[in-house]
Amino acid sequence: MTGSLLHDTAGRARTLTCAVMTHLQCARPRAVVLVLAGVALVSGCASSGGNFSGQSFAPSTAVVAFPSGQPGAGKPAVTLGTKDFTEEYILGQLYAQALAARGFTVHLKQGIGPTEVIDPGLLNHSIDMYPEYTGEIVSTLTNIALGAPGDAGSNVAPAPPTSWQQTYQQAARFEDRRGFTLLEPTPFQNHDQIAVLKSFAAAHHLTTIEQLKGLGPLRYGAYTPEQTRYEGYVGLQQAYGLGNLHFVPYGLGAPVYAALDSGQVQVGGSSSTDPQLRSGKYVVLSDPKNIFGYQNVAPVVNKGVLKAEGPAFAQTLNAVSSRLTYAAIRQLNAEVVLGHQSPAAAARQFLATQMSG
(Lines give C-alpha, C1' and ligand atoms only; values in the text may rest on other atoms or scores of the structure.)
Protein backbone atom coordinates (compact mmCIF):
# COMPACT_ATOMS: atom_id res chain seq x y z
CA MET A 1 0.00 0.00 0.00
CA THR A 2 2.80 2.46 0.79
CA GLY A 3 5.86 1.27 -1.16
CA SER A 4 6.14 4.50 -3.19
CA LEU A 5 3.44 6.44 -1.42
CA LEU A 6 5.52 9.41 -0.40
CA HIS A 7 6.93 10.23 -3.82
CA ASP A 8 4.96 13.28 -4.93
CA THR A 9 3.19 13.24 -1.56
CA ALA A 10 1.77 16.72 -1.81
CA GLY A 11 -0.01 16.12 -5.09
CA ARG A 12 -1.44 12.79 -3.99
CA ALA A 13 -2.50 14.16 -0.65
CA ARG A 14 -4.38 17.01 -2.31
CA THR A 15 -6.07 14.55 -4.66
CA LEU A 16 -7.09 12.28 -1.77
CA THR A 17 -8.33 15.13 0.36
CA CYS A 18 -10.45 16.57 -2.46
CA ALA A 19 -11.87 13.14 -3.21
CA VAL A 20 -12.67 12.46 0.43
CA MET A 21 -14.31 15.83 0.91
CA THR A 22 -16.32 15.39 -2.31
CA HIS A 23 -17.41 11.93 -1.14
CA LEU A 24 -18.41 13.23 2.26
CA GLN A 25 -19.59 16.76 1.43
CA CYS A 26 -22.67 18.03 3.26
CA ALA A 27 -23.76 14.59 4.38
CA ARG A 28 -20.54 14.00 6.30
CA PRO A 29 -19.60 17.21 8.17
CA ARG A 30 -17.45 15.16 10.57
CA ALA A 31 -14.85 14.91 7.80
CA VAL A 32 -14.03 18.56 8.45
CA VAL A 33 -13.07 17.60 12.00
CA LEU A 34 -10.71 14.96 10.63
CA VAL A 35 -8.97 17.36 8.28
CA LEU A 36 -8.65 20.09 10.90
CA ALA A 37 -7.21 17.58 13.34
CA GLY A 38 -4.74 16.65 10.63
CA VAL A 39 -3.50 20.24 10.43
CA ALA A 40 -2.55 20.23 14.09
CA LEU A 41 -1.07 16.75 13.88
CA VAL A 42 1.15 17.34 10.90
CA SER A 43 2.20 20.79 12.11
CA GLY A 44 3.43 19.11 15.27
CA CYS A 45 5.39 16.62 13.17
CA ALA A 46 7.03 19.37 11.17
CA SER A 47 8.45 20.95 14.29
CA SER A 48 10.49 17.82 14.94
CA GLY A 49 12.08 17.61 11.52
CA GLY A 50 9.20 15.83 9.82
CA ASN A 51 9.29 12.78 12.07
CA PHE A 52 6.67 11.50 14.47
CA SER A 53 7.33 10.76 18.14
CA GLY A 54 10.61 9.07 18.97
CA GLN A 55 8.84 6.48 21.13
CA SER A 56 9.30 2.98 19.70
CA PHE A 57 5.74 1.63 19.94
CA ALA A 58 7.10 -1.86 19.28
CA PRO A 59 4.23 -4.26 18.49
CA SER A 60 3.71 -7.77 19.78
CA THR A 61 1.54 -10.60 18.48
CA ALA A 62 2.28 -12.92 21.41
CA VAL A 63 -0.78 -14.68 22.80
CA VAL A 64 -2.30 -12.69 25.67
CA ALA A 65 -4.29 -14.32 28.48
CA PHE A 66 -7.86 -13.19 29.09
CA PRO A 67 -8.35 -11.53 32.50
CA SER A 68 -10.34 -13.50 35.02
CA GLY A 69 -13.57 -12.55 36.76
CA GLN A 70 -15.69 -9.50 35.97
CA PRO A 71 -13.22 -6.57 36.00
CA GLY A 72 -15.58 -4.45 33.91
CA ALA A 73 -18.44 -4.44 36.41
CA GLY A 74 -19.41 -0.87 37.27
CA LYS A 75 -17.14 0.71 34.65
CA PRO A 76 -18.51 3.39 32.27
CA ALA A 77 -20.19 2.19 29.06
CA VAL A 78 -18.07 2.21 25.91
CA THR A 79 -19.17 2.75 22.30
CA LEU A 80 -17.43 0.48 19.82
CA GLY A 81 -17.77 1.26 16.11
CA THR A 82 -17.01 -0.81 13.02
CA LYS A 83 -16.61 -0.26 9.33
CA ASP A 84 -19.18 -1.50 6.85
CA PHE A 85 -18.03 -4.92 5.65
CA THR A 86 -18.17 -8.52 6.84
CA GLU A 87 -14.76 -8.84 8.45
CA GLU A 88 -15.32 -5.65 10.46
CA TYR A 89 -18.72 -6.91 11.61
CA ILE A 90 -17.00 -10.07 12.86
CA LEU A 91 -14.23 -8.09 14.57
CA GLY A 92 -16.78 -5.83 16.23
CA GLN A 93 -18.67 -8.82 17.60
CA LEU A 94 -15.49 -10.50 18.81
CA TYR A 95 -14.30 -7.47 20.74
CA ALA A 96 -17.75 -6.52 22.04
CA GLN A 97 -18.67 -10.04 23.20
CA ALA A 98 -15.30 -10.62 24.85
CA LEU A 99 -15.60 -7.33 26.76
CA ALA A 100 -19.18 -8.12 27.77
CA ALA A 101 -18.08 -11.53 29.05
CA ARG A 102 -15.73 -9.73 31.41
CA GLY A 103 -18.43 -7.38 32.70
CA PHE A 104 -17.82 -4.32 30.53
CA THR A 105 -20.79 -2.47 29.04
CA VAL A 106 -20.41 -2.07 25.28
CA HIS A 107 -22.65 -0.28 22.80
CA LEU A 108 -21.87 -1.64 19.34
CA LYS A 109 -22.38 0.64 16.31
CA GLN A 110 -21.92 -1.50 13.22
CA GLY A 111 -21.45 -0.44 9.61
CA ILE A 112 -20.46 3.20 10.08
CA GLY A 113 -18.39 3.33 6.89
CA PRO A 114 -14.82 3.24 5.52
CA THR A 115 -11.82 4.84 7.18
CA GLU A 116 -12.64 8.31 5.85
CA VAL A 117 -16.09 8.12 7.44
CA ILE A 118 -15.55 6.22 10.70
CA ASP A 119 -12.37 7.94 11.88
CA PRO A 120 -14.03 11.33 12.49
CA GLY A 121 -16.25 9.54 15.03
CA LEU A 122 -13.22 9.17 17.28
CA LEU A 123 -12.54 12.89 17.05
CA ASN A 124 -16.09 14.00 17.82
CA HIS A 125 -16.53 11.28 20.51
CA SER A 126 -19.51 9.59 18.87
CA ILE A 127 -17.47 6.39 19.25
CA ASP A 128 -14.72 5.53 21.72
CA MET A 129 -12.89 2.94 19.64
CA TYR A 130 -12.93 0.89 16.46
CA PRO A 131 -10.77 -1.81 14.81
CA GLU A 132 -8.56 -0.31 12.11
CA TYR A 133 -6.02 -1.63 9.62
CA THR A 134 -2.56 -0.25 10.33
CA GLY A 135 -1.74 0.51 6.70
CA GLU A 136 -4.93 2.54 6.40
CA ILE A 137 -3.74 4.75 9.23
CA VAL A 138 -0.33 5.24 7.63
CA SER A 139 -1.70 5.79 4.14
CA THR A 140 -5.23 7.16 4.13
CA LEU A 141 -5.29 9.12 7.40
CA THR A 142 -1.76 10.48 7.17
CA ASN A 143 -2.41 11.77 3.67
CA ILE A 144 -5.68 13.38 4.64
CA ALA A 145 -3.70 15.21 7.32
CA LEU A 146 -1.00 16.20 4.85
CA GLY A 147 -3.64 17.31 2.37
CA ALA A 148 -5.35 19.69 4.76
CA PRO A 149 -5.81 23.19 3.23
CA GLY A 150 -2.59 25.21 3.25
CA ASP A 151 -0.61 22.36 4.72
CA ALA A 152 0.15 19.77 2.05
CA GLY A 153 3.25 21.40 0.66
CA SER A 154 4.95 22.26 3.93
CA ASN A 155 5.14 18.99 5.85
CA VAL A 156 6.72 15.61 5.33
CA ALA A 157 5.31 12.23 6.32
CA PRO A 158 7.49 9.48 7.77
CA ALA A 159 9.48 7.32 5.37
CA PRO A 160 7.39 4.51 3.84
CA PRO A 161 7.35 1.45 6.10
CA THR A 162 9.14 -1.65 4.87
CA SER A 163 7.61 -4.15 7.30
CA TRP A 164 4.43 -4.75 9.25
CA GLN A 165 6.28 -3.71 12.42
CA GLN A 166 7.27 -0.33 10.98
CA THR A 167 3.74 0.16 9.70
CA TYR A 168 2.37 -0.46 13.17
CA GLN A 169 4.89 1.91 14.74
CA GLN A 170 4.04 4.75 12.35
CA ALA A 171 0.35 4.16 12.90
CA ALA A 172 0.74 4.07 16.68
CA ARG A 173 2.69 7.34 16.67
CA PHE A 174 0.03 8.98 14.54
CA GLU A 175 -2.73 7.90 16.92
CA ASP A 176 -0.70 8.82 20.00
CA ARG A 177 -0.36 12.40 18.76
CA ARG A 178 -4.14 12.58 18.32
CA GLY A 179 -4.96 11.32 21.82
CA PHE A 180 -5.62 7.67 21.02
CA THR A 181 -3.87 4.40 21.77
CA LEU A 182 -3.32 1.72 19.16
CA LEU A 183 -3.56 -1.60 20.99
CA GLU A 184 -1.65 -4.72 19.98
CA PRO A 185 -2.06 -5.95 16.39
CA THR A 186 -3.50 -9.18 15.08
CA PRO A 187 -1.10 -11.79 13.66
CA PHE A 188 -3.12 -11.74 10.41
CA GLN A 189 -3.05 -9.01 7.80
CA ASN A 190 -5.89 -8.20 5.44
CA HIS A 191 -4.33 -6.24 2.63
CA ASP A 192 -5.96 -5.36 -0.65
CA GLN A 193 -4.77 -7.20 -3.73
CA ILE A 194 -5.59 -7.80 -7.37
CA ALA A 195 -7.34 -10.99 -8.45
CA VAL A 196 -8.27 -12.30 -11.89
CA LEU A 197 -9.92 -15.49 -13.06
CA LYS A 198 -7.48 -18.39 -13.31
CA SER A 199 -8.46 -18.81 -16.97
CA PHE A 200 -7.77 -15.11 -17.68
CA ALA A 201 -4.35 -15.33 -16.03
CA ALA A 202 -3.47 -18.43 -18.04
CA ALA A 203 -4.62 -16.91 -21.33
CA HIS A 204 -2.45 -13.80 -20.82
CA HIS A 205 0.41 -15.43 -18.85
CA LEU A 206 -0.19 -13.15 -15.87
CA THR A 207 1.62 -13.46 -12.56
CA THR A 208 2.19 -9.82 -11.53
CA ILE A 209 0.17 -6.60 -11.54
CA GLU A 210 2.60 -4.84 -13.87
CA GLN A 211 1.84 -7.35 -16.64
CA LEU A 212 -1.66 -5.91 -16.94
CA LYS A 213 -0.13 -2.88 -18.63
CA GLY A 214 0.39 -4.78 -21.86
CA LEU A 215 -3.29 -5.61 -22.28
CA GLY A 216 -6.10 -3.61 -23.86
CA PRO A 217 -8.76 -1.66 -21.92
CA LEU A 218 -9.77 -3.57 -18.79
CA ARG A 219 -12.63 -3.11 -16.34
CA TYR A 220 -11.38 -3.04 -12.73
CA GLY A 221 -14.04 -3.76 -10.13
CA ALA A 222 -13.31 -2.82 -6.53
CA TYR A 223 -14.70 -1.41 -3.27
CA THR A 224 -15.91 2.13 -3.99
CA PRO A 225 -13.39 3.98 -1.72
CA GLU A 226 -10.50 2.34 -3.60
CA GLN A 227 -11.10 4.75 -6.48
CA THR A 228 -9.47 7.61 -4.57
CA ARG A 229 -6.87 5.64 -2.60
CA TYR A 230 -3.24 5.09 -3.44
CA GLU A 231 -3.64 1.49 -2.24
CA GLY A 232 -6.14 1.05 -5.05
CA TYR A 233 -6.94 2.73 -8.35
CA VAL A 234 -4.60 5.70 -7.78
CA GLY A 235 -1.60 3.50 -7.02
CA LEU A 236 -2.32 1.17 -9.91
CA GLN A 237 -2.21 4.16 -12.24
CA GLN A 238 0.71 6.01 -10.67
CA ALA A 239 3.02 3.17 -9.62
CA TYR A 240 2.22 0.70 -12.40
CA GLY A 241 1.11 3.05 -15.16
CA LEU A 242 -2.15 1.17 -15.68
CA GLY A 243 -4.02 3.83 -17.60
CA ASN A 244 -5.89 1.01 -19.32
CA LEU A 245 -8.05 0.29 -16.24
CA HIS A 246 -11.63 1.57 -16.05
CA PHE A 247 -12.83 1.68 -12.45
CA VAL A 248 -16.14 -0.05 -11.65
CA PRO A 249 -17.35 0.56 -8.06
CA TYR A 250 -18.77 -2.29 -5.96
CA GLY A 251 -19.47 -3.17 -2.36
CA LEU A 252 -16.93 -5.39 -0.65
CA GLY A 253 -16.55 -9.12 -1.16
CA ALA A 254 -18.95 -11.25 -3.16
CA PRO A 255 -20.06 -8.64 -5.77
CA VAL A 256 -16.55 -8.40 -7.18
CA TYR A 257 -16.15 -12.18 -7.41
CA ALA A 258 -19.54 -12.47 -9.09
CA ALA A 259 -18.51 -9.73 -11.52
CA LEU A 260 -15.29 -11.60 -12.33
CA ASP A 261 -17.23 -14.84 -12.83
CA SER A 262 -19.72 -13.21 -15.20
CA GLY A 263 -17.12 -11.25 -17.17
CA GLN A 264 -18.50 -7.86 -16.11
CA VAL A 265 -14.95 -7.02 -15.01
CA GLN A 266 -11.62 -8.62 -15.89
CA VAL A 267 -9.70 -7.39 -12.83
CA GLY A 268 -11.00 -7.42 -9.27
CA GLY A 269 -9.97 -5.78 -6.03
CA SER A 270 -9.93 -8.51 -3.40
CA SER A 271 -8.71 -8.92 0.17
CA SER A 272 -6.17 -11.45 1.41
CA THR A 273 -8.63 -12.96 3.90
CA ASP A 274 -11.54 -13.39 1.45
CA PRO A 275 -12.86 -16.96 1.72
CA GLN A 276 -13.75 -16.99 -1.99
CA LEU A 277 -10.05 -17.29 -2.80
CA ARG A 278 -10.06 -20.83 -1.38
CA SER A 279 -12.09 -22.01 -4.39
CA GLY A 280 -9.09 -22.11 -6.72
CA LYS A 281 -10.99 -20.15 -9.39
CA TYR A 282 -8.89 -17.01 -8.99
CA VAL A 283 -5.24 -15.99 -9.27
CA VAL A 284 -3.85 -13.20 -7.08
CA LEU A 285 -1.30 -11.11 -8.96
CA SER A 286 1.87 -10.21 -7.07
CA ASP A 287 2.50 -6.59 -6.09
CA PRO A 288 6.24 -5.96 -6.63
CA LYS A 289 5.87 -2.22 -6.01
CA ASN A 290 4.12 -2.91 -2.68
CA ILE A 291 1.32 -0.39 -3.16
CA PHE A 292 -0.96 -2.42 -0.89
CA GLY A 293 1.49 -2.43 2.03
CA TYR A 294 0.92 -4.05 5.44
CA GLN A 295 -2.49 -4.34 7.07
CA ASN A 296 -2.63 -5.87 10.54
CA VAL A 297 -5.72 -4.98 12.58
CA ALA A 298 -5.54 -3.17 15.90
CA PRO A 299 -8.20 -1.43 18.00
CA VAL A 300 -7.82 2.36 18.19
CA VAL A 301 -9.06 3.53 21.60
CA ASN A 302 -9.50 6.92 23.22
CA LYS A 303 -6.80 7.30 25.91
CA GLY A 304 -9.28 8.64 28.43
CA VAL A 305 -11.49 5.60 27.93
CA LEU A 306 -8.58 3.23 28.49
CA LYS A 307 -7.77 4.98 31.76
CA ALA A 308 -11.37 4.93 32.96
CA GLU A 309 -11.90 1.26 32.11
CA GLY A 310 -8.73 -0.04 33.74
CA PRO A 311 -5.99 -2.40 32.50
CA ALA A 312 -8.28 -5.43 32.08
CA PHE A 313 -10.08 -3.60 29.27
CA ALA A 314 -6.99 -3.41 27.05
CA GLN A 315 -5.94 -6.89 28.15
CA THR A 316 -9.24 -8.33 26.95
CA LEU A 317 -8.97 -6.64 23.56
CA ASN A 318 -5.34 -7.71 23.18
CA ALA A 319 -6.28 -11.28 24.12
CA VAL A 320 -8.81 -11.38 21.28
CA SER A 321 -6.41 -9.83 18.76
CA SER A 322 -3.58 -12.19 19.63
CA ARG A 323 -5.73 -15.20 18.69
CA LEU A 324 -6.70 -13.90 15.26
CA THR A 325 -4.29 -15.77 13.03
CA TYR A 326 -4.74 -16.09 9.28
CA ALA A 327 -6.38 -19.48 9.78
CA ALA A 328 -8.76 -18.11 12.42
CA ILE A 329 -9.97 -15.05 10.49
CA ARG A 330 -10.30 -16.94 7.22
CA GLN A 331 -12.43 -19.54 8.98
CA LEU A 332 -14.58 -16.86 10.60
CA ASN A 333 -15.05 -15.09 7.27
CA ALA A 334 -15.95 -18.37 5.60
CA GLU A 335 -18.54 -19.20 8.27
CA VAL A 336 -20.28 -15.88 7.64
CA VAL A 337 -19.84 -15.42 3.88
CA LEU A 338 -20.10 -19.03 2.72
CA GLY A 339 -21.83 -20.68 5.68
CA HIS A 340 -24.34 -17.85 6.14
CA GLN A 341 -23.88 -17.61 9.90
CA SER A 342 -24.37 -14.22 11.49
CA PRO A 343 -21.20 -12.39 12.58
CA ALA A 344 -22.52 -12.57 16.16
CA ALA A 345 -22.94 -16.35 16.01
CA ALA A 346 -19.53 -16.93 14.43
CA ALA A 347 -17.86 -14.71 17.04
CA ARG A 348 -19.72 -16.43 19.89
CA GLN A 349 -18.59 -19.85 18.72
CA PHE A 350 -14.97 -18.73 18.36
CA LEU A 351 -14.86 -17.06 21.78
CA ALA A 352 -16.45 -20.08 23.46
CA THR A 353 -13.39 -22.13 22.54
CA GLN A 354 -10.86 -19.36 23.25
CA MET A 355 -12.16 -18.09 26.61
CA SER A 356 -13.11 -21.42 28.15
CA GLY A 357 -9.68 -21.88 29.65
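All six of the six residues of strand E10 (residues 297–302) are buried, so the strand is largely enclosed by the rest of the structure. The model is a predicted one.

Two strands pair with E10. Strand E3 (residues 129–133) is joined to E10 by five bridges in the antiparallel sense, and within this pairing Tyr133 has Val297 as its bridge partner in E10. Strand E4 (residues 180–182) also runs antiparallel to E10, through three bridges; here Leu182 has Val300 as its bridge partner.

## The five-stranded open sheet

An open sheet of five strands is arranged in the order E7-E6-E8-E5-E9, and its pairing is mixed. Strand E7 (245–250) and E9 stand at the edges and have a single partner strand each, so one side of each lacks a neighbour in the sheet. From one strand to the next, the twist averages 35°.

At the E7 end of the order, E6 and E7 run parallel and are joined by six bridges. Tyr220 stands opposite Phe247 of E7.

## Helices on the sheet

Helix H8 (residues 230–238) lies across strand E5 (192–197), E6 and E7, and its direction is at about 170° to that of E7. Helix H9 (residues 254–262) also packs on the sheet, where it touches E5, E6, E7, strand E8 (267–271) and E9. The direction of H9 makes about 150° with that of E8.

## The H3–H12 contact

Helix H3 (residues 86–101) and helix H12 (residues 326–337) have axes that come within 10 Å and cross at roughly 110°. The two helices are therefore roughly perpendicular to each other. H3 contributes Thr86, Glu87, Ile90, Leu91 and Leu94 to the contact, and H12 contributes Ile329, Leu332, Asn333, Val336 and Val337. By class, the residues of this contact comprise seven nonpolar, two polar and one charged.

## Loop residues with positive phi

Most residues other than glycine have a negative phi. His205, which is not a glycine, has a positive phi of about 55°. His205 is found in the loop between helix H7 (198–204) and strand E6 (218–223). Its relative accessibility is 66%, so His205 counts as exposed, the cut-off being over 50%.

Asn290, a residue other than glycine, has a positive phi near 55°. Asn290 is placed in the loop between strand E9 (282–285) and E10, and this loop thus links the sheet edge strand E9 to the buried strand E10.

## The chain as a whole

The protein chain has 13 helices and ten strands. It comprises 357 residues, of which 57% count as buried. Among contacts in the chain with a separation of 6 or more, 81% are accounted for by residues 24 or more positions apart. The chain exposes about 13,600 Å², and carbon and sulfur atoms supply 55% of that area.

Terms used
Residues are numbered from 1 along each chain as its sequence is written. This is a predicted model: local features need pLDDT of at least 70, side-chain atom pairs count only at pLDDT 80 or more; totals for chains, interfaces and linings use all residues. Side-chain values use heavy atoms; hydrogens and water are left out. Buried means under 20% relative accessible area, exposed over 50%, partly exposed in between (1.4 Å probe, protein chains only). Helices (H or I, at least four residues) and strands (E, at least two) are DSSP runs, numbered from the N terminus. Two strands pair if DSSP finds at least two bridges between them. Axes are lines fitted to C-alpha atoms, for helices over the stretch in contact, and angles run from 0 to 180 degrees between N-to-C directions. Angles under 35 degrees count as roughly parallel, over 145 as roughly antiparallel, 65 to 115 as roughly perpendicular and the rest as oblique. Contact means heavy atoms within 4.5 Å. Ala, Val, Leu, Ile, Met, Phe, Trp, Tyr, Cys and Pro count as nonpolar, Asp, Glu, Lys and Arg as charged, and the others, Gly among them, as polar. Accessible areas come from the Shrake-Rupley method with a 1.4 Å probe; for residues, only the protein chains shown count as cover.
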